[in-house]
Amino acid sequence: LQEKGLDKQEIQNILIEDARTGLSVEALKRAISNNLFYVQGKFPEIATRNDYYMAVSYAVRDRILKRWVASVKQYLDGKHRVVSYLSAEYLLGPHLANNLINLGIYKETGQAVKELGKELEWLIDKEIEPGLGNGGLGRLAACYMDSLATLEVPAIGYGIRYQFGIFEQDIRDGWQVEDTDNWLRRGNPWEIERRELNYEVKFGGHVQHYTDNNGKFCSNWIPDLVVKGVAYDTPILGYDVNTTNTLRLWKSEAPKSFDFQLFNAGGYNDAVRQKIVCENISKVLYPNDEQEEGKILRLQQQYFFVSCSLQDMLGIHLRQGDKIQDFYKKFVVQLNDTHPAIGVAELMRLLLDKYQLEWEEAWDITTKTFAYTNHTLLPEALEKWDLELFGRVLPRHLELIYEINRRFMDKVTVKFYGDHHKIASLSLIGEGPKKYIKMANLASLGSFAINGVAALHTELLKKTVLKDWYELSPEKFSNKTNGVTPRRWMVLSNPELTALISDKIGEGWIKNLDELRGLEKFAQDQDFQKAWMDVKHQQKVSLSKKILQRLRLRVDADSLFDVHVKRMHEYKRQVLNALHVITLYNRIKHNPDIDMVPRTVIFAGKAAPGYKMAKQIIKLITSIGEIVNNDPDVRDRLKVVFYPNYNVTNAQKIYPAADLSEQISTAGKEASGTGNMKLSLNGALTIGTLDGANVEIRECVGEENFFLFGLNADEVEEVRVNGYDPYSYYNDNPDLKLALDQINDGYFSHLNTDTFKTLVRSLMFDDQYLVLADYQSYIDAQDKVAETFRDKSKWAEMSILNVARMGKFSSDRSIKDYCDEIWKVKPVPVKLKN
Ligand code: F58
């Protein structure tokens with residue numbers, strides 16, 4: 001260290017600082033070198049890129065561990081109230097860079113790695129992201145974990161450690177093809193396997209009833225399968241605080257004793273088969289977005305992680321010497337949609353069968369413990385379980401649900417005497433050719449709070465899907481508009497804009513997003529506008545390079561980057577955008593010298609593998625791209641890009657480069673949206689309908705800074721009630737007619753008229769999503785976008801104002817609201833000793 005020119009004091013500091021936790025460049029460098037040697041067993045000459053990635057990650061993890069242990073200790077010592085977030089999905093995105101930001105050592109680590117002869121970005125790009133979620137719902141859980149830690153709220157996230165996350169998407173011949181996501185193949189330095197922390201979860205079999213010596217009626221569930229859940233813990237570090245919460249994901253395994261029994265009985269094959277059955281439970285994430293999959297394995301997954309999590313919470317509670325009756329005081333359990341709603345029946349089972357409480361007492365505890373967030377109004381996404389299937393997998397829970405329902409129906413029948421429709425609608429059990437269990441009803445009955453995820457969504461919930469529940473218990477309902485973490489979605493993914501903003505208004509906005517307001521006064525400042533647009537241009541150049549690399553397609557960074565990125569779904573109306581592209585193309589073909597604002601239309605998003613129509617939409621976009629991008633008449637005025645494998649990593653590259661954010665769902669269909677928030681926060685202007693959180697974004701940024709079009713939710717309903725006739729829109733609008741005819745006649749599909757047959761038929765004859773009804777309004781709004789974009793100064797002003805007014809959409813605000821209004825929890829600052 002002396003040779004390096006460090007003075008005595010500096011050397012002293014390094015030596016005193018625990019070599020494992022020091023945050024200086026020198027300490028980090030030594031830690032990385034040590035890890036390369038002692039963890040990876042390599043020396044620089046033979047170390048691979050992954051070896052370096054691991055060495056750096058372990059160095060970072062050690063520093064987090066110090067804070068993690070301190071957090072856990074502090075929570076246990078003080079017996080604090082804890083938020084337990086139950087979610088079947090967590091779409092975390094890559095850890096390394098995020099942890100560096102939150103620890104505040106991004107620069108130092110960059111320097112340390114550089115001095116070791118490597119580039120930090122090169123290592124960051126090596127990380128395979130844990131894609132343990134489908135889309136908005138899973139990503140929201142990840143943003144909320146970040147905010148909980150940043151706000152120093154004691155919290156634990158529970159979920160499933162899927163061995164395979166959301167599939168990787170590739171595009172071949174314009175179609176989506178799926179590949180498995182083997183995200184663990186190079187190891188995962190961020191998790192700690194806790195083999196000692198495991199629980200047994202029963203499945204199937206039957207229930208015995210008996211009366212014990214005290215005359216108490218008892219139930220004994222004899223399963224035909226027992227699975228073991230093993231905990232894997234990942235630290236979630238807050239920004240600029242010591243608080244480090246735990247994300248505890250369960251992996252399913254076969255319990256040792258179980259296969260031995262079979263083995264001894266000579267059933268070796270059976271034992272091996274059982275092992276596979278057990279391991280299958282946490283094997284793969286169901287890749288459906290907004291479509292429930294009524295499969296046994298899915299129910300097993302849900303019950304598996306919920307049972308492990310509740311057993312774990314009860315264990316933590318009782319180990320602290322507290323009464324079982326006080327469980328709800330220690331933990332508040334948030335249900336992220338109905339996927340963990342079986343928790344209501346499971347907590348009842350544990351309290352009744354294991355802890356021998358009486359029904360009333362158990363029900364009282366249960367209904368003071370849970371709170372439920374709804375994320376959708378789409379009927380096909382509401383969870384229903386075939387009753388017979390449910391009873392086969394969870395016989396004891398079926399009994400409990402019957403009993404919960406019986407007691408509930410008794411009350412409801414008195415209250416709503418004669419209103420059979422209402423009584424049937426409130427029942428936990430649906431009747432029909434086949435009986436089924438309604439999970440939204442179980443969640444609503446078993447929870448003390450119910451919330452939607454945007455103002456409009458909550459209002460619609462109260463009027464439609466949960467109408468009867470709202471009339472029954474209006475006090476349970478509230479709105480909690482979604483939010484996104486500015487750490488990942490600005491500081492990490494857009495460091496250039498972050499620096500520009502912080503330069504003007506300081507760094508306070510990173511933890512208090514309302515401070516972005518301070519930018520308003522610079523919105524018309526010419527120099528600031530220029531610096532603002534320079535950053536945007538730089539981001540567009542970076543994305544253009546990625547597009548060139550990935551797709552061998554050259555796009556113009558001066559063109560308007562029109563960005564439509566999200567899961568592929570008919571209600572999200574990627575097709576409407578495609579019709580606009582065709583319309584622009586036809587204008588050029590009709591008038592080759594037309595003066596128009598050059599555009600690059602960028603799409604990205606995965607289609608559920610079984611969702612034929614969504615896959616056809618991808619094919620339509622890539623097919624239009626093939627024609628448009630290769631037509632010499634078009635020159636540089638229009639490009640269509642389908643960026644493959646949309647995930648958190650790619651989203652981080654796309655958002656900063658967007659000029660225009662497409663939020664064009666049919667009004668009343670998108671519960672909230674969160675991509676809308678991330679894009680606007682990164683300076684994109686929104687073209688959108690009055691749907692989900694768009695309504696609130698528009699209110700905040702000002703209607704003059706938002707390109708509104710289309711029917712609102714009431715009008716959509718009205719059109720439907722009066723009978724929607726898409727054909728009339730087609731017939732009356734020559735531009736629309738031409739575009740649809742071209743798709744139909746094979747203009748974009750080498751004259752193959754089969755390719756888009758079902759798609760065109762749906763649009764013209766039975767479209768649920770009113771694409772044609774909104775076409776002209778959308779085209780007009782797009783024309784306004786283009787006109788506005790010509791005025792660079794105006795555009796810059798609008799973009800700055802958009803960002804300045806996005807404060808509301810921080811997930812910190814959402815989490816504060818949940819804490820104050822639902823969870824009743826307070827921050828617990830974590831101090832580091834020494
Ligand atoms: C999304 N839902 C909503 N579900 O569509 C979106 O508007 C909202 O912003 C977001 O939740 C967060 O509140 C969503 O992502 C799923 O992915 C489920 C996965 C499991 C099957 C059912 C859909």
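**Helix pair α3/α4**

I started with the axes of helix α3 (residues 49–78) and helix α4 (residues 96–103), which come within 10 Å and cross at roughly 40 degrees. Helices here are DSSP runs (H or I, at least four residues), strands are E runs of at least two, and both are numbered from the N terminus. The axes are lines fitted to C-alpha atoms over the stretch in contact, with angles from 0 to 180 degrees between N-to-C directions. α3 and α4 are therefore oblique to each other (under 35 degrees is roughly parallel, over 145 roughly antiparallel, 65 to 115 roughly perpendicular, the rest oblique).

A note on the source: this is a predicted model, where local features need pLDDT of at least 70, side-chain atom pairs count only at pLDDT 80 or more, and totals for chains, interfaces and linings use all residues. Residues are numbered from 1 along each chain as its sequence is written.

Next I listed who meets whom: Val-56, Ser-57, Val-60, Arg-63 and Ile-64 of α3 meet Leu-96, Asn-99, Leu-100 and Leu-103 of α4 (contact: C-beta atoms, placed from the backbone, within 7 Å).

**Domains 2 and 3**

I then turned to domain 2 (79–94 + 129–480) and domain 3 (486–817), with bounds from an automatic or database domain assignment. Their C-alpha centres lie 35 Å apart, and 46 residues of domain 2 are in contact with 41 residues of domain 3. On the domain 2 side, α7 gives the largest share, nine residues.

**Ligand shell**

Last, I found 20 residues around the ligand, the closest being Asn-134, Gly-136, Leu-137, Ala-671 and Ser-672 (near: C-beta atom, placed from the backbone, within 6 Å). Domain 2 and domain 3 each give at least three residues to this shell.

Terms used. Two residues are in contact if their C-beta atoms, placed from the backbone, lie within 7 Å.
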